[in-house]
Amino acid sequence: MNKPLVTALAVMASLQPALAADPLAKIEQAARQEGQLYSIGMPDSWANWKDTWQQIGSTYGIKHQDTDMSSAQEIAKFAAEKENATADIGDVGGAFGPVAVQQGVTQPYKPSTWSDIPNWAKDADGHWMLAYTGTIAFLINKDLVKKNPTSWSSLLDGSYKVTLGDVGVASQANNGVLAAAFATGGSEKDLKPALDLFGKLAQQGRLSLNDPSIANIEKGEVEVGVLWDFNALNYRDQIDPKKFDVVIPSDGSVMAGYTTIINKWAKNPNAAKLAREYILSDAGQINLARGYARPIRSNVVLPEDVKAKLLPAEQYASAKPVTDQAAWEQSSKALPRQWQESVMIHMQ
């Protein structure tokens with residue numbers, strides 16, 4: 001184990017004023033006593049959670065287990081189980097953070113790096129805060145696609161199938177729709193241009209309802225997948241870097257983030273708080289970048305080998321963040337019905 005990674009929190013705590021360090025030390029002690037942590041939606045293959053869990057385990061003696069699920073399913077699980085909680089912490093799309101708070105299923109915790117997190121990327125009370133950002137990209141199987149699409153508009157000219165995932169449930173799929181809206185004249189308030197585009201793909205018989213998971217990609221069941229850049233790059237490198245291209249659509253995309261949410265009824269609340277603390281430390285942020293996710297803290301210095309794993313900055317020229325979060329929250333709620341009416345009706 002690299003010593004700077006292992007001691008990251010200890011060093012950070014020692015630099016804090018005594019009043020700030022004391023609660024952190026108490027959390028660490030209590031987390032060690034709990035000795036376990038159950039997460040949902042934070043699998044090893046996503047954003048390099050693997051290294052974070054390994055380091056938390058070796059540093060603090062906390063055993064970890066994850067069950068993968070979508071953002072909506074995570075919140076529903078917290079709400080359904082309540083005092084019978086089987087999960088302590090989850091990772092959900094940024095738009096789902098406020099939803100979780102509204103449903104009263106979270107508890108707040110502000111990490112010691114709180115001031116480094118931009119105001120737009122966090123809840124004022126500490127219920128949620130983005131740890132990393134991703135941008136919607138195309139993952140292209142070059143064995144199955146003759147000419148790479150470079151934009152949303154160019155998708156309509158192909159003969160390959162486009163795989164988006166479970167719209168209305170998965171944050172990645174929902175943001176795929178928003179990215180297409182940004183590129184085709186829509187906005188957080190107006191997803192119609194994107195729904196029209198996917199409706200046309202459905203009419204052509206070229207919209208796949210498959211999940212763009214690494215297993216399906218490896219089996220050759222995804223020709224062009226719509227994924228977060230960090231997932232696309234990760235899957236590409238795991239399967240065969242020469243077989244796939246990853247492209248940020250040139251006519252527009254969305255840059256969004258993911259946030260941890262700590263279960264209000266967590267059985268291991270201190271382990272969950274310590275995990276959030278570690279995720280937002282320098283070591284945790286570098287872990288995420290190693291998994292191709294862009295850290296939310298801009299003051300973290302990435303090693304050169306980690307920088308080399310990311311796409312060139314110029315590919316992101318047309319990508320933009322959500323600026324009207326309230327409108328996107330409303331659109332996200334309406335999206336399942338709109339998707340059925342505008343897209344699924346055309347599925348062959």
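This report describes a helix pair, a loop residue and a pocket in a predicted model.

Residues are numbered from 1 along each chain as its sequence is written. Local features need pLDDT of at least 70, side-chain atom pairs count only at pLDDT 80 or more, totals for chains, interfaces and linings use all residues, and side-chain values use heavy atoms, without hydrogens and water.

**Helix pair**

Helix α4 packs against helix α13 at an angle of about 150°, and their axes are 8 Å apart. Angles over 145 degrees, on a range from 0 to 180 between N-to-C directions, count as roughly antiparallel, and α4 and α13 are therefore roughly antiparallel to each other. In this contact (heavy atoms within 4.5 Å), W49, D51, T52 and Q55 of α4 meet N287, L288 and R290 of α13.

**Loop residue**

L280 sits in the loop between α12 and α13. With a relative accessible area of 1%, L280 is buried (under 20%, using a 1.4 Å probe and protein chains only). Its C-alpha atom is separated by 6.6 Å from that of T113, 167 residues apart along the chain. Among the residues that L280 touches, not counting those up to four places away in sequence, are P111, I117, M129 and I296.

**Largest pocket**

The largest pocket has a volume of about 550 Å³. Of its 26 lining residues, W46, D68, M69, A170 and D211 lie nearest its centre.

Definitions and conventions
Helix = DSSP H or I, 4+ residues; strand = E, 2+ residues; numbered from the N terminus. Parallel < 35°, antiparallel > 145°, perpendicular 65-115°, else oblique. Buried < 20%, exposed > 50% of the residue type's maximum accessible area, 1.4 Å probe, protein only. 1 Å grid on protein atoms, 1.4 Å probe; cavity = no way out; pocket = protein on both sides within 12 Å on 5 of 7 lines; lining within 4 Å. Points joined across faces, edges and corners; volume = space filled by probe spheres on them.
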